[in-house]
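I opened this structure today and jotted down what I looked up, beginning with the core.

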Amino acid sequence: MAAVALVSAALMAGGAASSYAAQNTGTGTSGSRSESGTGARPGSQSAVSEWQGSDKGFAAARWASCTAAVNNPHWSKKGKSVIFKTRVSCQGNIAQVHVKVTGKLYRKSGSKWKAVAGSSETKVKATNGAGSTYYTPRPSGKKVNLDGTYQGKITVQITSPFPGTKGKASSKAVKVNTPGK
């Protein structure tokens, strides 16, 4: 099973009224921390979470937090390309948010990494915890069909109803063998 990297993007509007929001946003500051989570294999996952908010004295905070899990690049039989997937789920007290995921697929050439495909997609996400999948490259996008060492990198951000923090994550660098043409 593939390793996963996690990243969170959050947004706050109003004051930090709940203990969750107050603990994770700070007062008028932004912060980040690293933590490890449970993954497909012990020790195969890294996590980065970022929170941002402010305390403006409002009675209730409106918030949303989205988590993106980045899978390792692999050969897709259906897509006939090297791809990686990003799975996103959101929580919060705002009914829905727009989440933009920008992905880049890199291939190692000699000692340098070269971007060989990319994607940028915004989806409307309910904050009920249901997940959705973003593909890099997109199914109708560029086909990548060379053997090599690949790595996927993403940025994820809630763009609406208010811009949230921008999170970044990457997969492990993995060797991908493609079938002959």
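**Core.** I went for the largest nonpolar core, and it has 24 residues. Val-88, Val-97, Val-99, Leu-105 and Ile-154 have the most contacts inside this core. For my own record, such a core is a set of buried Ala, Val, Leu, Ile, Met, Phe, Trp, Tyr and Cys residues joined through side-chain atoms within 4.5 Å. Buried means under 20% relative accessible area, exposed over 50%, and partly exposed in between (1.4 Å probe, protein chains only). I then checked which elements give two or more residues to the core: they are S4, strand S6 (81–109), strand S7 (112–136), strand S8 (148–160) and strand S10 (174–176). S6 gives the most, with nine residues.

**Ground rules.** I'm looking at a predicted model, where local features need pLDDT of at least 70, side-chain atom pairs count only at pLDDT 80 or more, and totals for chains, interfaces and linings use all residues. Residues are numbered from 1 along each chain as its sequence is written, and side-chain values use heavy atoms, with hydrogens and water left out.

**Overall layout.** Read from the N terminus, the order is β-α-β-β-β-β-β-β-β-β-β. The protein has 181 residues, and buried ones make up 41% of them. I also looked at contacts (heavy atoms within 4.5 Å). Among those between residues at least 6 apart in sequence, 70% join residues at least 24 apart.

Val-99 is found in strand S6. Val-99 counts as buried because its relative accessible area is 0%. Leaving aside neighbours within four places in sequence, I see Val-99 in contact with residues including Cys-66, Val-88, Cys-90, Glu-121 and Val-156. Glu-121 is 22 residues from Val-99 along the chain, and their C-alpha atoms are separated by 8.2 Å. Val-88 touches Val-99 too, and its other partners include Cys-66, Ala-68, Lys-125 and Tyr-134, not counting residues up to four places away in sequence.

Asn-71 is found in strand S4 (residues 62–71). Asn-71 has 14% relative accessibility, so I put it down as buried. Its side chain makes a polar contact with the side chain of Arg-87 (3.1 Å). A polar contact is a pair of N or O atoms within 3.5 Å; within protein, one must be able to donate a hydrogen and the other to accept it, and residues adjacent in sequence count only if both atoms are side-chain atoms. Ser-170 lies in strand S9 (residues 166–170). At 29% relative accessibility, Ser-170 counts as partly exposed. Ser-170 and Ile-154 are 16 residues apart in sequence and 6.2 Å apart in space, C-alpha to C-alpha.

**Pocket.** Which residues line the largest pocket? I noted Ser-76, Lys-78, Gly-79, Ser-81, Ile-83, Lys-85, Tyr-135, Pro-137, Arg-138, Pro-139, Lys-142 and Lys-143. On a 1 Å grid over the protein atoms alone, a pocket is an open set of points with protein on both sides within 12 Å along at least five of seven lines, and lining residues have an atom within 4 Å of a point. S6 gives the most to this lining, with three residues. The volume of the largest pocket is about 200 Å³, meaning the space filled by probe spheres set on the points, with grid points joined across faces, edges and corners.

Technical notes:
Helix = DSSP H or I, 4+ residues; strand = E, 2+ residues; numbered from the N terminus. 1 Å grid on protein atoms, 1.4 Å probe; cavity = no way out; pocket = protein on both sides within 12 Å on 5 of 7 lines; lining within 4 Å.
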